[in-house]
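The sequence and the structure come before the discussion.

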Amino acid sequence: MHWFTVVFFIALALAIAGRLWLSGRHIRYIAANRETVPAAFSGRISLAAHQKAADYTTVKTRLGTVETLAAALLLLVLTLGGGLQLLSDACERAFEVGSYAHGIALIVSVALISSAIDLPFSLYRTFVIEVRFGFNRMSLALFLADLAKFTALGALLGIPLVLLVLWLMAKMGGMWWLYVWLAWMAFNLLVVTIYPTLIAPIFNRFSPLENPDLRARIESLLARCGFRARGLFVMDNSRRSSHGNAYFSGFGAAKRIVLFDTLISRLEPQEIEAVLAHELGHFSRHHVWKRMALACGTSLAFLALLGGLIGQEWFYTALGVRSQSTAMALVLFFMVAPAFTFLLQPLASLYSRLHEFEADAYAASHAPARDLARALVKLYQDNAATLTPDPVHSAFYDSHPPAMQRIARLQTYQA
């Protein structure tokens, strides 16, 4: 057995064991605190709502453990089990070995297999868990329509990108990874630019915000913050779910503010203003650009690493593959990389939580902190977000601070 095979086994085993251990901790911690509403939320969230959030989180976490095991099994089947080699051999019967068509066929085949494995989990999550807890409003027909649209969009955007990447890898010599990185950055900027006007409307309807009082309140907030947006829109999220949210999209003068219709129906105008002030905080503190810079640096490092591995025969044979090609190198690398990067997850989560605290502080300086606190409490209840996550699990995974920490911090701004 090759040394890298052993390293891969160990990394994957540790990642799986770590995820399962964290999930077990999370479930036990939630169960231990299920019967009592935290004192900070007493009188604002009922015991029934607290227990619903605990049960909802537990069920989702258990499904996540099954997904973890299924993903690990698929990874082992495709690599050491010889699955990728079988796919490559099958593609060779239709396309010339080493051709762009062969590489695209291999990558698309892996993507389709992965999607097929994920589909039952998505169906169960949507039509069992979300229905059980009263969140789902999506019909099977709408689910299938979304799936067809997503698949078509993925093919329309993804296949040309794969072709470009394979061409750059074949033509740009030893520094191909730098050119691929530049192409990847350009592609991401393109998608971010066209998403608000060309991609998002494929899945949802967006209508101008008609409530004059709410519009005036939001426009006043934007003026105070020195923020310009192309429009204020309401998205018909209620067609799919009762969960509520709000977000900004686009760059520069093309920025748009989008409110879920479910959010408008649940929050008071001053609470919506406070939520948007939080989102404005992300722009004011340049969080979007900072996260993009981090993603750019990370992707560059990964591609440079792949540039050093692509010519190493052991990289392929140690992972159960005989055929060496640019497409196979891409598939192998990005399939096995998560096993080695698992321990970086808490750093990314911490970075995100720091940004959330900064955005809350910004919101508290442009809108009453008590309004944001009230809005968050309502969202925690409406979205059945647990108030008592396991601290270790939360530190590892959560992009937002735990409810008690966040509300406590906001209360200091009210003093």
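## E356 and R406

In this predicted model, E356 and R406 form a salt bridge, with 4.0 Å between the closest N and O atoms. The pair links distant parts of the chain: E356 belongs to helix α13 (residues 345-366), R406 belongs to helix α16 (residues 403-414), and 50 residues separate them. Both E356 and R406 are buried.

Salt bridges that share partners also join E271, D371, R374 and K378 into one network. Over the whole structure, the search finds 18 salt bridges. Side chains of opposite charge can pair when their charged atoms come close.

## R25 and D390

A second salt bridge brings together the side chains of R25 and D390, at 2.9 Å from N to O. This pair also links distant parts of the chain, 365 residues apart: R25 is in helix α1, while D390 is in the loop between α14 (369-382) and α15 (391-397).

Are the two partners buried or exposed? R25 has a relative accessible area of 26% and is partly exposed. D390 has a relative accessibility of 1%, which is under the 20% limit, so D390 counts as buried.

## E67 and R125

E67 forms a salt bridge with R125, and their closest N and O atoms are 2.6 Å apart. Because E67 lies in helix α2 and R125 in helix α4 (residues 100-132), the pair ties together parts that are 58 residues apart in sequence.

E67 is partly exposed, at 25% relative accessibility. R125 is partly exposed as well, with a relative accessible area of 28%.

## The loop residue E35

E35 is found in the loop between α1 (3-32) and α2 (47-78). Its relative accessible area is 51%, and exposed means over 50%, so E35 is classed as exposed.

Which residues does E35 contact, leaving aside its neighbours within four places in sequence? They are L47 and Q51. E35 and Q51 are 16 residues apart in sequence, and their C-alpha atoms are 7.1 Å apart in space. The side chains of E35 and Q51 are joined by a polar contact of 3.1 Å.

Terms used:
Residues are numbered from 1 along each chain as its sequence is written. This is a predicted model: local features need pLDDT of at least 70, side-chain atom pairs count only at pLDDT 80 or more; totals for chains, interfaces and linings use all residues. Side-chain values use heavy atoms; hydrogens and water are left out. Helices (H or I, at least four residues) and strands (E, at least two) are DSSP runs, numbered from the N terminus. Buried means under 20% relative accessible area, exposed over 50%, partly exposed in between (1.4 Å probe, protein chains only). Contact means heavy atoms within 4.5 Å. A polar contact is a pair of N or O atoms within 3.5 Å; within protein, one must be able to donate a hydrogen and the other to accept it, and residues adjacent in sequence count only if both atoms are side-chain atoms.
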